[in-house]
Amino acid sequence: MTGPAATAGPFFIGRIRITMSAVSRPFWIALGAVSIFFHLWLIFSGLVPNLVSRPLHMALALPWALVFVAKTPWQKISGLILTVIGLAACLWVAFNHGMLGDQYGFLVGNLQIAISFALLGIVLEMARRAIGWPLPSVAAIALLYGFFGEYIPGEFGHGGLPIESMLGTLTIAEGGLWGSLTGVSVSIVAIFVIFGAILNGGEAGQGFMNVAGAAAGRLRGGAAKVSVISSALFGSISGSASANVASTGAITLPAMTKLGYPKKLAAAVEAVASSGGQIMPPLMGAGAFVMVELTGRPYVEIMVAAILPAILYFLAVWVGINAFALRYDLPGVPEKDRPDTRAVIVTSAFFLVPFAILLWGMFGGGYTPQYAACLAMIAGAALLFLDGNLQFSLKRTGERFTEVCLSAGRQVSMIAAIILCASIVIGVLGLTGLGVKITSLLLSGSGGMLWPALLLTAVACLILGMEVPTTAAYVICVSVAGPALTELGLDPLQAHLFVFWFALLSTITPPVCGAVFIAAGMVEENWLKVAGTAMALGVGLYIVPLAMVANGSLIDLAANPVWALVAGLKVAVGLTAISYGLISPRPVLVRIASGVLGGLVIFVAGV
C-alpha cells in the first residue's frame, strides 16, 4: 500500500489488522523517523558495540509490535506495560554492555535473572502479536527443552544447563537474542526495508506496472504476463508474498478479470508471481541477508548465484500462461490501457535510478550492500519530491515521507520480532546440542543418501513454512538440515538455496497457502481451485531447487558462466516441457510424455 490513501486506513502486519488508534499518529511518524535515522546512523557512524546496537534495535521495535497492533483496550494497556518493561531491560543491557561483556554469558544475581526472563517473555509476545502463535510456540518449546531436557531419557536429552549460564548466553551475550541473526536484522535487513519503503512511497510501483505493461501488455495472455513482471519487480523489494499480492494484485487482478480471465487463473498468476519476488535479485527479502551471515558468503555472490534459478522460475510461469492461453482466450491488455512511451520512461526512472546506484555501489564502488543501499536511498528520497509528471507538490511530498516513516517503522519491527524469536530457537539448539542430534537423525533416516535427505528436508520446510514466515522457516530448517546436507556432499550455498526455496512452498501449497488465500479472497474464488492452478503454474518452485542439486553449475554463474548458462538452458528446456505437460489441453499421453521427457532432461546427466 502506498500513497496518502494508505496512511488513512487500516494496516496489516502479519495476520493482524491494525489501525492508527493505539496512540496518536504524530507519535508513530516520529518513532518511524527515529528508527530510520538510528539504523542509518549505525551504518555511517562506524563500529558500535553489538550489545548496544542490537538491544536498541529491539527497543525501537517494541512499541510497534506491542502497542501499534493493539485492537482492544486490554491489548493497549498490556502492550504499554510490556513496552515499558522491555525498554527498561533493553536500555539496561545497552548501558551495561561493558560489564556484561566481562561476565562471559553468566548471570549474576536475581535482578539479572529477572531481566533475562523479561526479555525472553517479551520477545515471545512481540512475535505472537506480530505474526501469530506458531513461531513463538516453537521458541517456547525450545526454551522448555533447554530448561528440562536433562530429564528426557535417551539420546535426545541433554546433560543439563545451569540457569544462569543458559539465560545469560541467550540474553547478555552474543549467542541468543543479540546473536548474529539479530546483527543481520540491525545492519542489513533494516536498511533494505527502509530502502523498499522509500521506493514504495513514490512512483516506483507505478513504474513497475508501466514497464510490465509496455513489455508484455500486447502479448497473448498479456494481462497475466504484466502481473508476472510487475510482481517480480515489486516482490524483489517487498520481500513478502502476501504484501506483494495485496499491492500489485489490487491493480492486476481487476484488470485480468475484466478481460474475462478465469478467476482461479487470475488469482493463481498473482499468487505465484508474488511468491517469486522473494527469490528474485537484487534484494530477495530478508532471507538472502540472513544467508550472508549463515554461509559467510558475500551478498553479491549469493545474488549472482540466485539469478539463473529465479529466471527459470519465472520462465516456467510464463510458459504456463502460454499453455493456459491454449485452453482459454486470454487477450492482451487493450491498447488504450497500455502506458505510453513517455510514461514508461519517466516512471521507470523512479526505480531504475536507485537500483542503478545500488548495483554500482555493490559491483563498481566495492561498497558493502548496506552502504550501497544508503546511497541508493538518497536518490530514492530525492525522487519522492516528484510525481509521474515530474511536478512538485509540498503536500504530496509530506504525505509520502509520512508514509515512508510509518511503513519503515512497522516493517522493521515485524522482521525484528521474527528474527529475535528465531534467535531463541537457534540459541537453544546450539546450547543443548539438539541441532547436531536432529542432523544425525536426518542422516540415519535417509540411509546416508543425498536424495532421501533432500526429500525429508523439503517436507520439513513445507510443514514449518505453513506456520511461520519464510525467513524463520529457512533459518530453523537450515540450522538442523544444512549440516546434514553438506555432510552428504552438497556445497553449503547449494544447501542453503535449496532450503530457502523450499521454505517458500507454503505460499502456494495447501493446506496453508498465504498468497493463495489473499489472491482468492480478492477475486472471490474458491481457494482450492486457485491453489491447484497456482501449483501447476508455479511448478518451478518444486523443480528448480532439485535442479540446482542435479546441475551444480546452475548457481556457479560468477565462476563458470559458460557452464552455468549451459545448465540453465538445459533446465529451461526441461521446465518448459514439464509445464506444457501439466497445463496444455493436448491429449493425456502427449502431456505425460512431455512431462517425463522434461524430467529426464533436467535430472539425467546433470551439468
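Glu 125 has a relative accessibility of 17% in this predicted model, so Glu 125 counts as buried, the cut-off being under 20%. Arg 128, at 23%, counts as partly exposed. The two side chains meet in a salt bridge, with N to O at 2.8 Å. Glu 125 and Arg 128 both belong to helix H6 (residues 109–131), and because they are three residues apart there, about one helical turn separates them. The pair is also part of a network of salt bridges that links Glu 125, Arg 128 and Arg 129.

Side chains of opposite charge can pair when their charged atoms come close. In this structure the count comes to eight salt bridges. One of them joins the side chains of Lys 336 and Asp 337, at 3.5 Å from N to O. Lys 336 is exposed, with a relative accessible area of 69%, while Asp 337 is partly exposed at 43%. Another salt bridge is formed by Asp 387 and Arg 396, whose closest N and O atoms are 3.5 Å apart. Here both Asp 387 and Arg 396 are buried.

Arg 400 lies in helix H18 (residues 394–432) and is buried, with 7% relative accessible area.

The largest nonpolar core has 200 residues, and Met 58 and Met 126 have the most contacts inside it. Met 126 touches Met 58 itself, together with Ala 61, Leu 62, Ala 65, Leu 66, Ala 417 and Leu 420, when residues up to four places away in sequence are not counted.

Nonpolar side chains also occur on the surface. Val 588, Leu 589, Ile 592, Val 596, Leu 600 and Val 604 form a nonpolar patch there, with about 600 Å² of accessible area together. Leu 600 is found in helix H27 (residues 588–603) and counts as partly exposed, at 47% relative accessibility.

The cysteines remain. A disulfide is a covalent bond between the sulfur atoms of two cysteines. A search of the whole structure finds zero disulfides. For Cys 461, the closest cysteine sulfur is that of Cys 477, at 3.7 Å, which is too far for a bond, because the cut-off for a disulfide is 2.5 Å. Cys 461 is buried, with 0% relative accessibility. For Cys 374, the closest cysteine sulfur is in Cys 405, 15 Å away, so a bond is ruled out by distance. Cys 374 is buried as well, at 3% relative accessibility.

Terms used. Residues are numbered from 1 along each chain as its sequence is written. This is a predicted model: local features need pLDDT of at least 70, side-chain atom pairs count only at pLDDT 80 or more; totals for chains, interfaces and linings use all residues. Side-chain values use heavy atoms; hydrogens and water are left out. Patches are made of residues with over 30% relative accessible area and no salt bridge: like charges are joined within 9 Å, nonpolar side chains (Val, Leu, Ile, Met, Phe, Trp, Tyr) within 5 Å. Accessible areas come from the Shrake-Rupley method with a 1.4 Å probe; for residues, only the protein chains shown count as cover. A salt bridge is a side-chain nitrogen of Lys or Arg within 4 Å of a carboxyl oxygen of Asp or Glu. Helices (H or I, at least four residues) and strands (E, at least two) are DSSP runs, numbered from the N terminus. Buried means under 20% relative accessible area, exposed over 50%, partly exposed in between (1.4 Å probe, protein chains only). A nonpolar core is a set of buried Ala, Val, Leu, Ile, Met, Phe, Trp, Tyr and Cys residues joined through side-chain atoms within 4.5 Å. Contact means heavy atoms within 4.5 Å.
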